[in-house]
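Hi,

Here is the structure I said I would pass on.

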Amino acid sequence: MTFLMNPPNNQTYPIVAVRDGIVFPNTENVLVFGRPKSVDALNEALHTNKKIVLVMQKNLNQDDPKYEDLYSVGVVAEIDKTVSGEKGQINALVKGIEKVKIVSLVKKEPFFIGRVETIKDKSYEDEETLALVKYISNQIKKAINLGKTIDFVFLMNILNISTPLNFSNQVAMVLDIKTEERQELLEENDLKKRLAKEVNFINKEIKVLEIEHNISDKTQQKFERNMKETFLREKMKTIEEELGGKGEEREIHDFKEKIKKANMPKEVQDKAVKELKRLVQMSQYNPESSYIRTYLDWLVEIPWNIPDSGNINIASAEKILNEDHYGLKKIKERILEFLAVMELKKIKDQKAQKANQEKSEFKKERQPTILCFVGPPGVGKTSLGRSIARALNRKFIKVSLGGIRDEAEIRGHRRTYVGALPGRIIQGVKQAGSKNPVFMLDEIDKMGRDFRGDPSSALLEALDPEQNHAFSDHYLEVPYDLSNVFFITTANILDTVPDALLDRLEVIHFAGYTEDEKFNIGKNYIIKKQLEMHNLTSEEVKITDEALKKIIRLYTREAGVRELERQIGTILRKIARQVVENKFISKTVGMTDIGRYLGPYKYSAQMIEEKDTVGISTGLAWTQAGGDILFIEVAVMPGKGGLTLTGHLGEVMKESCQAALSYIRARWETFGLSRDFFNHIDVHVHVPEGAVPKDGPSAGIAIATAMVSALTKIPVKREAAMTGEITLRGRVMEIGGMKEKVIAAHRAQIKSVIIPIENKKDLEDIPKKVQKDLKFIFVANVDEVLKVALAFPEKKVHFPDIQKEYATLQPSRQNEEKIPRKNRVN
């Protein structure tokens, strides 16, 4: 190949923008020029010295790039041969001469003409450079063997190049790289650096080619394997026909044996035999044959009559529940009672069978009900289900129903659909391998519904003891007996559970853990578990009781113990790293170490006011994370009888404020106020922490007390907290969440708790230690509340004597009203 001499510096040439077809010095390529500017520049060069400057454009999608859209470094090329196309384009063989840089633009129209200066490359011919050349040459050969296509002319030029610089230019032409990467190679003036970049590019290309080659090999192997299996299957079929005449295929014979061993009910066995006959008569190439095989597999693998053996030992079950869970006394008692009923039923059934009584008479005695564990996250609902399974010596299956919107997830898809499968209940029973597992349906309150059906409605049959002995799955098309399955459901709230489904469940409420319970759980369970998870021992690390209490109070705020477990895990992870790095010195984690491991505390405990204050009372609130105290602030100012309510209050709580104010206005004389006092003032009620939604009626007496205090200027006792609903007549009505509220008062160092007299029965749920530290004051009306909640000045007269208007108390609700709010707090 012969090339022209290098052009002198500062020459002017027509400039042609190319998308990706740049030629390097001492290389040649065929380019197609079709844009008007390019064609005009090419024709101009053909009429002069046949030389142009080829420059790549920065954006390949631009049809008419401006001068600013072009790179400044390009190549002077000579036009060797041209062929005109039918649409006016020109196919030209161009040969690169020299790398140049555009110094200035001489002319813009009708095409670019620019002044350029030559760029000299720094060339080497030492051992390192020759090694790079040899390595790239070998890699290109390897790429060709993997399937890379290179034009024969380019390949011969690469193999026969005399100098490393020319070799690098030829390699740059055949690399499969991006435009900006090719421009990067062109602008690199140091030969060694350019060769190093080309090494990286060719290695990346080889990796891609190897992956493609592996995929191709795997596809070919799979195709050959399928062909081989088809051939062997046909050959086997022919041999069987020759030897046995009408002999059955092994697969059909296996299905028959499995159907006999499955101990199916007669109705199911007839269905299986019928489907097997269809399979025998069907060609193996019929697509439906695979559906029938899958269906038969499900029928023979489902445990129709395989129970988990073992009697229920109540003492052993109680021991297991106590080992796995701290506290939850009432819940454990209810579960043990439930297990006792199951064992008693089993004993009576066995006696009836020995007496030769008909078994059908006793099949009607189904599992009495379905348990539903309801409580906030992290209180042990799911783990308690596992403990029940362990106590019963049964398999445990858990299915999460959160987010399910399709009825087919419960009942299965009909076999007419491609990829149809049974519902999650049948899948779980098959997974258990027995007909009586402990089956937990988790998060039933988070199921949805849409055009595909209502999953909660599909659960009605499965969870109804009167119907689930013949549960119908759309895929199986035969009834399955679920009456022996021990179903347990869980939910965080009951507001979203349909009434029809809720009616079939026996609800067991899980209250949040108290601080003392969390301490014992953390000390006896969580720390041991986390030490094992982090490969540490109790001899290596010890967390003091004071440190554990600090974590609970200042770094967690939850009903359960998951956040506590995470915080302890965080401490142990940091210690594990220190042990590995030989930096761990102290084996005891004390109160002063907690901040170093966990950072600043996340929560500040709500504490009582420092002194008795006018217009501020202390209420008690219930949240999903347990109990808490809240302050009711009331301010009175000159006005025209307005009532302002702030603090993110819900409608029910706003109505409590209206009721409290109306009660005070109706008894203006009793509180020593003027008849028209409200016409000249405005009342503002505020509950701090305005970002937290608050609702419910149980802050009624706290609101009334704060209002009376603000209007009469009598302070409220700071050590007294209260909860109770108020009526317009001043009655104090029963409320819910007593345990959580009282524990919150104890945690906040409250001394006296004012509660409705009808809640006196709930004291048995309060821990003994809390009862010992608190004084409980039971009230029936607001007047009794004010007598004990307000700090009357010494030697001052109390409110005028209040007539006893409440001779008898009307029966009130046994449970706190339901308010459909997720963030209900009081």
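**The cavity**

Glu609, Lys611, Asp612, Thr613, Ile616, Ser617, Thr618, Val716, Lys717 and Arg718 line the largest cavity. A cavity here is a set of points, on a 1 Å grid over the protein atoms alone, where a 1.4 Å probe fits but cannot get out, and lining residues have an atom within 4 Å of a point. Before going on, note that this is a predicted model, where local features need pLDDT of at least 70, side-chain atom pairs count only at pLDDT 80 or more, and totals for chains, interfaces and linings use all residues. Residues are numbered from 1 along each chain as its sequence is written, and side-chain values use heavy atoms, with hydrogens and water left out.

How many cavities of 30 Å³ or more does the structure hold? The count is 1. The volume of the largest cavity is about 50 Å³, where a volume is the space filled by probe spheres set on the points, and grid points are joined across faces, edges and corners. Its lining has 5 charged, 3 polar and 2 nonpolar residues. For these classes, Ala, Val, Leu, Ile, Met, Phe, Trp, Tyr, Cys and Pro count as nonpolar, Asp, Glu, Lys and Arg as charged, and the others, Gly among them, as polar.

**Helices that pack**

Two packed helices are described by the angle between their axes and the distance between the axes. Axes are lines fitted to C-alpha atoms, for helices over the stretch in contact, and angles run from 0 to 180 degrees between N-to-C directions. Helices (H or I, at least four residues) and strands (E, at least two) are DSSP runs, numbered from the N terminus.

Start with helix α19 (residues 545-554) and helix α20 (residues 562-580), which pack at an angle of about 125 degrees with their axes 10 Å apart. They are therefore oblique to each other; angles under 35 degrees count as roughly parallel, over 145 as roughly antiparallel, 65 to 115 as roughly perpendicular and the rest as oblique. On the α19 side, Leu548, Ile551 and Ile552 make the contact, and on the α20 side Leu564, Gln567, Ile568 and Ile571 do (contact means heavy atoms within 4.5 Å). By class, that contact of α19 with α20 has 6 nonpolar residues, 1 polar and no charged.

Helix α18 (residues 515-533) also packs with α20, at about 45 degrees and with the axes 10 Å apart. That angle makes α18 oblique to α20. Residues of α18 in this contact include Gly522, Ile526 and Ile527, while those of α20 include Leu564, Ile568 and Leu572. The classes in the contact of α18 with α20 are 6 nonpolar, 3 polar and 3 charged.

For helix α7 (residues 250-261) and helix α9 (residues 287-301), the axes come within 10 Å and cross at roughly 30 degrees. So α7 is roughly parallel to α9. Glu251, Phe255, Lys258 and Ile259 in α7 meet Arg293, Leu296, Asp297 and Val300 in α9, which gives 4 nonpolar, no polar and 4 charged residues.

**Two spots in the backbone**

Pro110 sits in the loop between β5 (90-107) and β6 (112-118), and the peptide bond from Glu109 to Pro110 is cis, with omega near 0 degrees. Lys50, in the loop between α1 (36-47) and β3 (51-56), has a positive phi of about 60 degrees although it is not a glycine.

Cheers

Note on methods
1 Å grid on protein atoms, 1.4 Å probe; cavity = no way out; pocket = protein on both sides within 12 Å on 5 of 7 lines; lining within 4 Å.
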